[in-house]
Amino acid sequence: MINKFVENIELALDGVKSNMTFMFGGFGLSGIPENIIKELSNREVDGLTCISNNAGVDEFGLGLLLKRKQIKKMISSYVGENAEFERQMLSGELEVDLIPQGTLAERCRAGGAGIPAFYTPAGYGTEVAKDKEVRIFNGKPHILENSLVADFAFVKAWKGDTAGNLIYKGTARNFNPLMAMAGKITVAEVEELYPAGELDPNHIHTPGIFVQRIMQGENYEKRIEQRTTRKR
Amino acid sequence: MALDKNQIAKRIAQELEHNTYVNLGIGIPTLVANYIPEGIDIEFQSENGVLGMGPFPFEGEEDPDLINAGKQTITTLDGAVLFDSAISFAMIRGQHVQLTVLGAMEVSEKGDIANWKIPGKMVKGMGGAMDLVASAQNIIVAMMHTNRLGDSKILKKCNLPITGKNCVKKVVTNLAVLEITEDGFKLSERAPGVSVSEIIAATAANLIITGEVPEMII
């Protein structure tokens, strides 16, 4: 067993520097690496390129890094819930690359899977296709999209073991397994950390080979963006 | 009377076919799940990674790890499955999801849709919409007929940056049901009590009208 366990967040973030490219798992605020984001927001790192489906909300998630102007460029698919993000983008302070969600997922997956680029129909005929190679397959136009990798990928899982194997819960899985594959260094924070051998290998979502460091997360806030319920 | 958002959703629910997989977008489309007709089995896909999405949870049972693409708390039904975003879009791009219901800011008579950006003003991003419209076999748009300024969202040509080309098949608004044909918008139904001339007045595109236009049954 190759031990991926790190005792604290300092060790988990060893090597993190300004001007790096980071990936952050999560969809909205669901499945985001809360502990790592909070720690990054307390550090003097800036000029970051962040790849994340969303950009958090004003006071939580990646919104914390935006507020301190640590992010130079965001690569996302949907940023609707963050007023500060919109302000920085429209004023030109923040560089933003908006890409279709499925393309974003596949670009991360491809980056981790050794596939440099692929063709997709998504975005053909739109701004997204600008300056991209178009090729017709089966009579339908597709655009060429490059894969993505990152200096660090930060992911969050429900359960993990010291070998770095991860299991996600519910829809908190989302981009986490794909980004875990695409990080030069992938750091996972988990709600429940087990010794290797405790998790059933049949149930692992992300094999530990993709994870370089695993740490125990704490005090998960798990904010709900839209609390919707029905009456009993 | 023009329809309210729930009635638009209810009308779209009549389009649901038995034993199909359906993706509902954010906004009015999400409401469609509340009106599935009796005897129709549907599995709802949400692109953040769930198939077999159920209704909102009972108060006190919300799970932050179980949300839909609109970031609303949800539940799962028997037979549901959870997956990552790449698998989710494999279902979408690979045409395994049969129907997509989306909101829009503009729809053109060619079936182009714009719903992700107002240059210089509002940039929320396309989310999964571009992937959805690039591949779905059937795309229905749910929206209000006019915007807040009263301008038609039904157009000859989209003014805003488009999300996808030649993809929308049908539009259900608070005033009408419009089908997109090779020759443009066909007015196929009108909201109860709304006249054809009112619809024409609210529409900035040609409407193909053949014979009596029936009222929607809601």
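# Briefing on a predicted two-chain model

The buried residues of helix α2 in chain A pack against α1 (9–12), β1 (21–24), α3 (63–67), β8 (150–161), β10 (183–194) and β11 (213–216) of that chain. The model is predicted. Chain A has 232 residues and chain B has 218. Between the two chains, an area of about 4,300 Å² is buried.

**Helix α2 of chain A**

- Helix α2 covers residues 34–41 of chain A, and seven of its eight residues are buried.
- The buried set consists of Glu34(A), Asn35(A), Ile36(A), Ile37(A), Glu39(A), Leu40(A) and Ser41(A).
- The elements that these buried residues pack against include the strands β1 (21–24), β8 (150–161), β10 (183–194) and β11 (213–216) of chain A.
- The helices α1 (9–12) and α3 (63–67) of chain A are also among the elements packed against.

**Chain A as a whole**

- The secondary structure of chain A consists of six helices and 11 strands.
- A compact globule of 232 residues would have a radius of gyration near 17 Å, and the 18 Å of chain A agrees with this.
- The C-alpha trace of chain A spans about 50 × 50 × 40 Å along its principal axes.
- Of the 232 residues in chain A, 56% are buried.
- Among contacts in chain A with a separation of 6 or more, 72% are between residues 24 or more positions apart.
- Chain A exposes about 9,800 Å², and 47% of this area comes from carbon and sulfur atoms.
- There are 28 positive and 30 negative side chains in chain A, with the centres of the two sets 4 Å apart.

**Chain B as a whole**

- Chain B contains five helices and 15 strands.
- For 218 residues, a compact globule would have a radius of gyration near 17 Å; the value for chain B is 17 Å, which agrees.
- Taken along the principal axes, the C-alpha atoms of chain B fill a box of roughly 45 × 40 × 30 Å.
- Buried residues account for 57% of the 218 residues in chain B.
- Among contacts in chain B with a separation of 6 or more, 61% are between residues 24 or more positions apart.
- The accessible surface of chain B is about 9,100 Å², with 50% belonging to carbon and sulfur atoms.

**Interface between the chains**

- Contacts between the chains involve 50 residues of chain A and 49 residues of chain B.
- Carbon and sulfur atoms give 57% of the area of about 4,300 Å² buried between chain A and chain B.
- On the chain A side, Thr171(A), Thr228(A) and Arg230(A) lose the most area to chain B, together 16% of what that side buries.

**Arg109(A)**

- Arg109(A) lies in helix α5 (residues 101–113) of chain A.
- Arg109(A) counts as partly exposed because its relative accessibility is 27%.
- Apart from neighbours within four places in sequence, Arg109(A) is in contact with Ile115(A), Leu178(A) and Met181(A), and also with Ala86(B) of the other chain.
- Although Arg109(A) and Phe175(A) are 66 residues apart along the chain, their C-alpha atoms are separated by 9.1 Å.

**Thr49(A)**

- Strand β2 (residues 48–51) of chain A contains Thr49(A).
- Thr49(A) has a relative accessibility of 11%, so this residue counts as buried.
- Residues up to four places away in sequence aside, Thr49(A) touches Met20(A), Thr21(A), Phe22(A), Lys72(A), Lys73(A) and Ile75(A).

**Residues with positive phi**

- Most residues other than glycine have a negative phi.
- Asp131(A), which is not a glycine, has a positive phi of about 65°.
- Asp131(A) sits in the loop between β5 (117–120) and β6 (134–137) of chain A.
- With a relative accessible area of 75%, Asp131(A) is exposed.
- Asn19(B), also a residue other than glycine, has a positive phi near 55°.
- Asn19(B) sits in the loop between α1 (5–13) and β1 (20–24) of chain B.
- Asn19(B) is exposed because its relative accessible area is 53%, and the cut-off for exposed is over 50%.

Notes:
Residues are numbered from 1 along each chain as its sequence is written. Chains are lettered from A and ligands numbered from 1 in the order in which they are written. This is a predicted model: local features need pLDDT of at least 70, side-chain atom pairs count only at pLDDT 80 or more; totals for chains, interfaces and linings use all residues. Side-chain values use heavy atoms; hydrogens and water are left out. Helices (H or I, at least four residues) and strands (E, at least two) are DSSP runs, numbered from the N terminus. The radius of gyration is taken over C-alpha atoms; the globule rule is 2.2 Å times the number of residues to the power 0.38. Buried means under 20% relative accessible area, exposed over 50%, partly exposed in between (1.4 Å probe, protein chains only). Contact means heavy atoms within 4.5 Å. Accessible areas come from the Shrake-Rupley method with a 1.4 Å probe; for residues, only the protein chains shown count as cover. Buried area is the accessible area (1.4 Å probe) that two parts lose on being put together, summed over both. Lys and Arg count as positive and Asp and Glu as negative; His and the chain ends are not counted. The place of a charge is taken as NZ of Lys, CZ of Arg, CG of Asp or CD of Glu.
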